[in-house]
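My notes follow the order in which I looked things up.

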Amino acid sequence: MDPIISFRDVSFSYHSNIQVLKSISFSVNPGEAVVILGENGSGKSTLFLNLLHLVPGHSGAIFVKGLEVNHKNEKKIRQKTGLIFQNSNDQLFLPTVKEEIAFGPWNLGLRGKELKNCINQAAAAINIQNIMEKKVFHLSQGEKRKVAIAAVYAMNPDIFLFDEPFANLDPKTKEDLIRILDNLHHQGKTLLLISHEVDQIPEFFKRGIVLHSGKKIFDGSIRELYKSPKILTQANLRLPLAATLYSRIQELYPHLFKKFDFKPPITGQEFETILLEILGEV
Amino acid sequence: MSLVYQANKKFQNYLAFELEHTQKSYFFSVNPVIKLLITVGLIILINYIITEFYIWLALSFFFVLIVLLLNINISRFLKFILYLGVIYPALIAIPLLFMTSGVTIWQLTVGTLKIFISQEGFQLAVNYFLRIFATMSIIAFFIVSTPFTHIIYALRQLRIPALISSLLILTYRYFFFFFDNLVTLLRADATRYLHKLPFKARFHHLSNLFGHLLLQSIHQGASIHRAMLARGYQGEFPLLEFSTNPKRTVIYVFLTGIASLIAILTQFSVV
């Protein structure tokens, strides 16, 4: 299978002295869900900006669906790739929700009934039909985040880039957002998600890439990553709460685990299953 | 500082007003192109054809009356025209009272300084005041029944260059960012400065604060530009169509047409 995204020895710096990305190489297959982890300032957001050629000047090569990211191909690449910014206020610039969603498809050349259908479909997919006429300014953080996703969804991209989508959201909105990501994943979209909160990574993100000071220090399964405390410490990350509790219980009551051969849990649900099995035995 | 809070409060009030009342207005669904053309026509009528002060007054009150009858929040409307229609023209008219020579009707001598109001000055000031007042009440009438997006739609339909409408849209959105950032900064500032700074230090502090606000705005502007590019911006914003009500459009044209006709006939009968 040809990769949908490919970074080949990519380096980038905003100012001549400070290199934000250092020789990054990795590939992402179509339909894959990948989480990019790293502490603040590790170059995660810059990676996304480079992918869309929004900050030109990288060295090495980036390919999206076989097209090299450069000035010539940037429009085609931006049609196939949707970026949801970390701060929704940085992304939403039109007066009403409806206009905000219409912006992308309008630029793709959709007009009249086609445009209307596209707006309605995006609103229905993200479940924001009730706020379509509202002013963007009057929306809550969660609503703004949903509008930003709907605005990108309306362009029907193959790749979705989420820059810290769960930041500053209440638990209910987070759940809604995870459901939206899950739907996109089931539709076969390629998802890349930036986070530094290991507890907030949805279950279906099986692969993780860890950045530290602009360098890639890990690329593999999330489960493997949690087995490597050194990498987590180096990247200023920590184990998810479920894994931390599991290892603490294992440390304190090793006899409880003699009969079982559990994989260390990485989600709350996995931890709950293990706990119930142990308690059942006790 | 409190001035900034007040300005922000007024701005937020206006926005809430726009949100609540334009949609409630009976003339919300009138074709905005027709509304805009009629508004421009009325402004031209008031400023270039009508010369009699009582016609200006009658036209102003006619629009206030429509607003009253259409269940648009009258107190908000009056507040709106108080700022735009009374304070602003008064600022222009008051100096004219004292700056026009002619037959003196009032005077005050303070030492060698002589302050006077001439009959011509008084007439000129009243004329300017009423003319601006009438213009502002028509603009206010238009604003209270037309949301911002409809205004942009009308401008685009009238072939106003996309660059101008795009700039208007971005400026409108930018107000929110600006006030939001400004108020957040001031609040953050207030939590750390518990004692009043000396006068000189206050200036230094304020310049730092506004410098930061400027940098923050530039940063946010750059982010928005990136977001626009990421979604394929090619120099135009979407022009969404919306449903209009032909019956209400006819009523709107009829009411404003009758008012204009009566004003013109009265003007020419006087002449």
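The entries below cover conventions, a strand, a helix, a patch, a pocket and a cavity.

**Conventions**

I am working with a predicted model, where local features need pLDDT of at least 70, side-chain atom pairs count only at pLDDT 80 or more, and totals for chains, interfaces and linings use all residues. Residues are numbered from 1 along each chain as its sequence is written, chains are lettered from A and ligands numbered from 1 in the order written, and side-chain values use heavy atoms, with hydrogens and water left out.

**Entry 1: strand E9 of chain A**

I started with E9(A), residues 207-212. Strands here are DSSP runs of E with at least two residues, helices are runs of H or I with at least four, and both are numbered from the N terminus. I checked burial, where buried is under 20% relative accessible area, exposed is over 50% and partly exposed is in between, with a 1.4 Å probe and protein chains only. Six of the six residues in E9(A) are buried. A:Arg207, A:Ile209 and A:Leu211 cover one side. A:Gly208, A:Val210 and A:His212 take the other.

Next I looked up its neighbours. Two strands pair if DSSP finds at least two bridges between them. E3(A), residues 33-37, runs parallel to E9(A) over four bridges. A:Ile36 has A:Ile209 as its bridge partner there. On E10(A), residues 215-221, I found six bridges to E9(A), in the antiparallel sense. A:Arg207 is bridged to A:Ser221, and A:His212 stands opposite A:Lys215. E9(A) and E10(A) make a hairpin with two residues between them. In that turn, A:Ser213 has a positive phi of about 50°.

**Entry 2: chain B and its helix H6**

I listed the elements of chain B and got nine helices and two strands. From the N terminus the order is α-α-α-α-β-β-α-α-α-α-α. Of the 271 residues in chain B, 39% are buried.

I picked out H6(B), residues 148-157, where nine of 10 residues are buried. Among them are B:Phe148, B:Ile151, B:Tyr153 and B:Arg156. After H6(B) comes B:Arg159, with a positive phi near 65°.

**Entry 3: nonpolar patch on chain B**

Which residues make the nonpolar surface patch of about 780 Å²? I noted B:Leu82, B:Tyr83, B:Leu84, B:Ile87, B:Tyr88, B:Leu91, B:Ile92, B:Leu124 and B:Tyr128. H4(B), 74-99, and H5(B), 119-145, are the elements that each give two or more. H4(B) gives the most, with seven residues.

The patch rule takes residues with over 30% relative accessible area and no salt bridge, joining nonpolar side chains (Val, Leu, Ile, Met, Phe, Trp, Tyr) within 5 Å and like charges within 9 Å. A salt bridge is a side-chain nitrogen of Lys or Arg within 4 Å of a carboxyl oxygen of Asp or Glu. Areas are Shrake-Rupley values with a 1.4 Å probe, and for residues only the protein chains shown count as cover.

I checked one member. B:Ile87 lies in H4(B) and is partly exposed, at 41% relative accessible area.

**Entry 4: pocket and cavity**

A cavity is a set of points where a 1.4 Å probe fits but cannot get out; a pocket is an open set with protein on both sides within 12 Å along at least five of seven lines; lining residues have an atom within 4 Å of a point. Points are joined across faces, edges and corners, and volume is the space filled by probe spheres set on them.

The largest pocket has a volume of about 630 Å³. Its lining has 25 residues, with A:Ser45, A:Gln86, A:Asp90, A:Asp163 and B:His219 nearest the centre. H8(B), 199-230, supplies the largest share, six residues.

How many cavities of 30 Å³ or more are there? I counted one. The largest cavity holds about 30 Å³. Its lining includes A:Asn89, A:Phe137 and A:Lys144 from chain A, and B:Arg173 and B:Asp180 from chain B. H7(B), residues 162-192, gives the largest share, four residues.

**Entry 5: A:Leu241**

Last, I looked up A:Leu241, in H9(A), residues 241-252. A:Leu241 counts as exposed, at 51% relative accessibility. A:Ile266 is 25 residues away in sequence, and 8.1 Å from A:Leu241 in space, C-alpha to C-alpha.

Methods: On a 1 Å grid over the protein atoms alone, a cavity is a set of points where a 1.4 Å probe fits but cannot get out, and a pocket is an open set with protein on both sides within 12 Å along at least five of seven lines; lining residues have an atom within 4 Å of a point.
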